[in-house]
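This briefing covers the overall build, the ligand shell and a few single residues. The structure comes first.

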Amino acid sequence: MDFPIKKFLSYYKPYLRVYLLVLTCALIASAATLAFPLLVRYITKNVLEGNSSIVLNEVYGIGGFMLLLAVIQNAGNYIVDYKGHEVGARMESDLRLELFSHIQKLSFQFFDKEKTGQLMSRITTDLLLLSELYHHGPEDYVKYLIRFMGAFFILLFINAPLTIAVFCFLPLLGGFLVLFNKILNKAYRTSKARMADVNAQVEDSLAGIRVVKSFGNEQVEIEKFNKENNRFLESRKRIYKAEAYLYNGVETFIQLITITVIVFGSAAIVHESLDLPDLITFLLYIGFMIEPIQRMTHMTTQFQEGITGFQRFMEIINVKPGIDNLPSSRKLHPVAGGIEFRNVSFRYEDHLDHVLENLSLQISPGEFVAFVGPSGAGKTTLCSLLPRFYDVSKGEVLLDTSDVRDIDLLSLRKSIGLVQQDVYLFSGTVMENIRYGNPEATDEEILAAARQAHAHEFIMDLPDGYHSEIGQRGVRLSGGQKQRLSIARVFLKNPPVIIFDEATSALDNESERIIKESLNKLAQGRTTLVIAHRLSTIQHAERIVVLTKDGIAEQGTHHSLLENNGIYASLYSTQFEWSR
Ligand code: ADP
Ligand code: MG
């Protein structure tokens, strides 16, 4: 991946003024540093010439001047170290926020493919060295370029042939640096991807820890983890090998340069084309030239990590949300709740087979429709087309005669309430979790919603009632209780259309009865789509649609379908047998 330099630089914009200050301070500090050896040269020359009386007076003056330079240099570097790092950290945090916000907006298609743990590493560890790159990158290049060029011209002035001899090494050194930058970029990218794999493995094992323990498979998970951990280790080993080559290769060049200067410099003294103070000054400036090279090679490895982090950041930023508002989309209000699937075909991206093919179905406002059928028939998929979790491959889905793709996405989703098969509760209190249905709701409204969802009683039995913490460090709720909280959320949201995907896991009879009651209450005055696994939940539905892999097999009321003696009738008799 090429480095998107324009995009990279655009993040400086909000901090341009502070950053210019930092750059200016870096410039002044390096100029001050550069003046030091010249003063040393002046003093040593005069002392050697034995001009002691004049010299002593001047030495004090020069000493004072050097002190001033030292103060300027350190004050400048203080601003660079403090403000510069702060700017870098702010920019890194801007990128992190942008990445998180962008991921929030991506569609299900994206989340079907990406692993949570890997995304976590992109947001956290991948961006860590970006602040260093942002802060030190341009600043160091400016600072060291000044030092390097300054040293070069002063050296040229002191002794041109020796300077040119030294600079003959530089193209070689340059080529060496470019090569190793390439190698390191690749090594860091691999390593970051491996780290992401480790994260994904941790996330997976911990999220499924109940399954792990129930199968007694701790050792299996440890081995899976160790495999990823080792792959990460291997990638680190490759980095350190390349880094060791780089550092020591550069060191070799530096020694070559120093030896050249000492040998040819001494020869020049013998031939009297150079004096001792000049050789000392020469060596000091060579040190000034070499220090940037050393620093830059060490920084380069950090910068490379920052650059690869930025490249991985851009990979996600460049993903467009597959499902977004069209320019023509408009808000729907008020929604009556009529729904139509018109010749709908759908297949998941990267899958060959269609889940739905040429399916048509009309649902009137306020109707209660149940979907039943074998698992994998496409019931959940069909219902997910209405809130545009996915878009149809062919055909149209209409809400109140508008194609859902023409409706403003937020207003579309606000008009649909969803109770999912497996309810997700956020960490926080029971109260906060219900409020998720409508952030503006008052406590009274939340209590009323909980009552309607038949959740109030069990909530009051929790240790802290509505203020009980849920989740990892809080109370554990049963499947039925979670579903009732989820229903309470939808009561609070109060949408004209609801989709209820019944939990596949078995509930006890009492929970089932309570949930059925609250569902029926929720359904009043709303268009209701229920995906049912227990036929007892939906016998009273106005319409039951039997969906199979080949599409809609039959539809009608419970009684008409029983009379039909088709798929529904046989499903019903097996479940009836079962429950006896
Ligand atoms: P049902 O709800 O009737 O059990 P689904 O709608 O969940 O059926 O699934 C229908 C088919 O689509 C199944 O073959 C399933 O494997 C597939 N499927 C479901 N979700 C996805 C997905 N996110 N990506 C790819 N295939 C999927
Ligand atoms: Mg399903």
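The protein's secondary structure amounts to 20 helices and twelve strands; helices (H or I, at least four residues) and strands (E, at least two) are DSSP runs, numbered from the N terminus. This is a predicted model, in which local features need pLDDT of at least 70 and side-chain atom pairs count only at pLDDT 80 or more, while totals for chains, interfaces and linings use all residues. Residues are numbered from 1 along each chain as its sequence is written, and chains are lettered from A and ligands numbered from 1 in the order in which they are written.

**Confidence**

- The protein has a mean pLDDT of 88, with 97% of its residues at 70 or more; pLDDT is the predictor's confidence in each residue, from 0 to 100.
- Strand β1 (residues 339-346) has the highest confidence, at 96, and helix α20 (residues 567-579) the lowest, at a mean of 79.
- For the complex, the predictor gives a pTM of 0.81 and an ipTM of 0.97.

**Overall build**

- Two domains are assigned, domain 1 (5-317) and domain 2 (339-579), with bounds from an automatic or database domain assignment.
- The centres of domain 1 and domain 2, taken over C-alpha atoms, lie 56 Å apart.
- Along the principal axes, the C-alpha atoms of the protein fill a box of roughly 120 × 50 × 50 Å.
- The radius of gyration of the protein is 36 Å, whereas a compact globule of 580 residues would have one near 25 Å; the radius is taken over C-alpha atoms, and the globule rule is 2.2 Å times the number of residues to the power 0.38.
- Buried residues make up 31% of the 580 in the protein; a residue is buried if 20 or more other C-beta atoms lie within 10 Å of its own, exposed if 12 or fewer, and partly exposed in between, with C-beta atoms placed from the backbone.
- Of the contacts in the protein with a separation of 6 or more, 79% join residues 24 or more positions apart; two residues are in contact if their C-beta atoms, placed from the backbone, lie within 7 Å.

**Ligand 1**

- The shell around ligand 1 consists of Asp112, Tyr348, His351, Val355, Ser375, Gly376, Ala377, Gly378, Lys379, Thr380 and Thr381; a residue is near a molecule if its C-beta atom, placed from the backbone, lies within 6 Å of it.
- Helix α12 (residues 379-384) supplies the largest share of this shell, three residues.
- By class, the shell holds three nonpolar, six polar and two charged residues; Ala, Val, Leu, Ile, Met, Phe, Trp, Tyr, Cys and Pro count as nonpolar, Asp, Glu, Lys and Arg as charged, and the others, Gly among them, as polar.

- Leu279 is part of helix α11 (residues 276-317) and counts as partly exposed because it has 19 C-beta neighbours inside 10 Å.
- Leaving out residues up to four places away in sequence, Leu279 touches Gly265, Ile269 and Leu274.
- Leu279 and Asn159 are 120 residues apart along the chain, with 9.1 Å between their C-alpha atoms.
- Asp550 sits in the loop between β11 (543-548) and β12 (551-556), and counts as exposed because it has 8 C-beta neighbours inside 10 Å.
- From Asp550 to Glu357 the C-alpha distance is 7.8 Å, across 193 residues in sequence.

**Positive phi**

- Most residues other than glycine have a negative phi.
- Asn358, not a glycine, has a positive phi of about 50°; Asn358 lies in strand β2 (residues 356-363) and, with 12 C-beta neighbours inside 10 Å, counts as exposed.
- Asn494, not a glycine, has a positive phi of about 55°; Asn494 is in the loop between α17 (479-493) and β9 (497-501) and, with 18 C-beta neighbours inside 10 Å, counts as partly exposed.
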